[in-house]
Amino acid sequence: MNINEYRSDIRELIRDVNEKRIDNPDEAIACCDKLEEYGLSVKDNALIGYARFTKGEIYYSKNDVANFYLNMMECMEPYKSIREWGYLVMANNMLGIMTVNRGMIPTAVDYFYEAFDYCDKYKLPDLKWMVDLNMAGLYTILGDYESAKNH
């Protein structure tokens with residue numbers, strides 16, 4: 001996403017999100033809400049996807065499971081519509097991680113394999129290694145060390 005294409009107030013909100021996401025996550029979420037609202041009003045799927053994905057990341061770090069899942073799932077359609085395959089890989093990977101941590105292994109595998117599909121289809125080897133690493137961790141948890149080594 002090229003933020004230089006946006007009005008100055010929108011660029012400032014994006015900068016605020018990036019600066020505050022660690023030290024002041026609640027303010028960053030409020031900025032994301034404004035970006036999402038604006039994105040919806042002008043039908044800008046890049047802003048909508050960015051706002052939802054970023055909120056999902058912030059909620060992940062806060063261990064707010066419900067809001068994490070909600071935002072990660074809601075970022076998918078906007079990102080698909082603008083063909084942001086890398087963000088879809090990262091979203092599915094994070095969903096897989098959170099789902100493993102919740103003990104829902106079959107569902108986590110589905111998320112990881114969806115991430116793999118995007119990596120293979122759109123030639124994203126720089127992201128595939130992250131998914132491989134998390135699949136290896138999943139297989140290690142299951143005690144399937146041979147499959148873990150393959151990832």
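Keep in mind that the model is predicted.

Let's start with helices H3 and H4. H3 covers residues 45-61, and H4 covers residues 65-81. Their axes come within 8 Å. The crossing angle is roughly 155°. Angles over 145 degrees count as roughly antiparallel, so H3 and H4 are roughly antiparallel to each other. The crossing of H3 past H4 is left-handed.

Who makes the contact? On the H3 side, the residues include Ile-48, Tyr-50, Phe-53, Tyr-59 and Tyr-60. Arg-52, Lys-55 and Glu-57 of H3 take part too. On the H4 side, look for Phe-68, Met-72, Cys-75, Pro-78 and Tyr-79, among others. Sorted by class, the contact of H3 with H4 has 11 nonpolar, six polar and four charged residues.

Hold on to Lys-55. We need it for the next part.

Now, salt bridges. Side chains of opposite charge can pair when their charged atoms come close. How many salt bridges does a search of the whole structure find? The count is 11.

Take Asp-33 and Lys-55. They form a salt bridge, and the closest N and O atoms are 2.8 Å apart. Asp-33 sits in helix H2, residues 25-42, while Lys-55 sits in H3, so this pair ties together parts that are 22 residues apart in sequence. Is Lys-55 buried or exposed? Its relative accessibility is 7%, so Lys-55 counts as buried. Asp-33 has 37%, so Asp-33 counts as partly exposed.

Lys-55 has another partner, Glu-36. Here the closest N and O atoms are 2.7 Å apart. Again the pair links distant parts of the chain: Glu-36 is in H2, Lys-55 is in H3, and they are 19 residues apart. Glu-36 has 10% relative accessibility, so Glu-36 counts as buried.

One more bridge, elsewhere in the sequence. The side chains of Asp-120 and Lys-128 meet at 2.7 Å, N to O. Asp-120 is partly exposed, at 41% relative accessibility. Lys-128 is partly exposed as well, at 26%.

Back to Lys-55 for a moment. Salt bridges with shared partners join Asp-33, Glu-36, Arg-52 and Lys-55 into one network. Arg-52 and Lys-55 are also in the contact of H3 with H4.

On to the other helix pair, H5 and H6. H6 spans residues 105-121. The axes of H5 and H6 come within 8 Å and cross at roughly 165°. How do H5 and H6 run relative to each other, roughly parallel or roughly antiparallel? The angle is over 145 degrees, so H5 and H6 are roughly antiparallel. H5 passes H6 in a left-handed crossing.

The H5 side of the contact includes Trp-85, Leu-88, Val-89, Asn-92 and Leu-95. From H6 come Ile-105, Tyr-111, Phe-112, Glu-114 and Tyr-118, among others. By class, that contact has 13 nonpolar, five polar and one charged residues.

Last stop: Asn-92. Asn-92 belongs to helix H5, residues 85-101. Its relative accessible area is 1%, so Asn-92 is buried. Which residues does Asn-92 touch, leaving out those up to four places away in sequence? They are Met-76, Tyr-111, Glu-114, Ala-115 and Tyr-118. Tyr-111, Glu-114, Ala-115 and Tyr-118 are on the H6 side of the contact with H5.

Methods:
Residues are numbered from 1 along each chain as its sequence is written. This is a predicted model: local features need pLDDT of at least 70, side-chain atom pairs count only at pLDDT 80 or more; totals for chains, interfaces and linings use all residues. Side-chain values use heavy atoms; hydrogens and water are left out. Axes are lines fitted to C-alpha atoms, for helices over the stretch in contact, and angles run from 0 to 180 degrees between N-to-C directions. Helices (H or I, at least four residues) and strands (E, at least two) are DSSP runs, numbered from the N terminus. Angles under 35 degrees count as roughly parallel, over 145 as roughly antiparallel, 65 to 115 as roughly perpendicular and the rest as oblique. A crossing is left-handed if the near helix is turned anticlockwise from the far one by less than a right angle, and right-handed if clockwise. Contact means heavy atoms within 4.5 Å. Ala, Val, Leu, Ile, Met, Phe, Trp, Tyr, Cys and Pro count as nonpolar, Asp, Glu, Lys and Arg as charged, and the others, Gly among them, as polar. A salt bridge is a side-chain nitrogen of Lys or Arg within 4 Å of a carboxyl oxygen of Asp or Glu. Buried means under 20% relative accessible area, exposed over 50%, partly exposed in between (1.4 Å probe, protein chains only).
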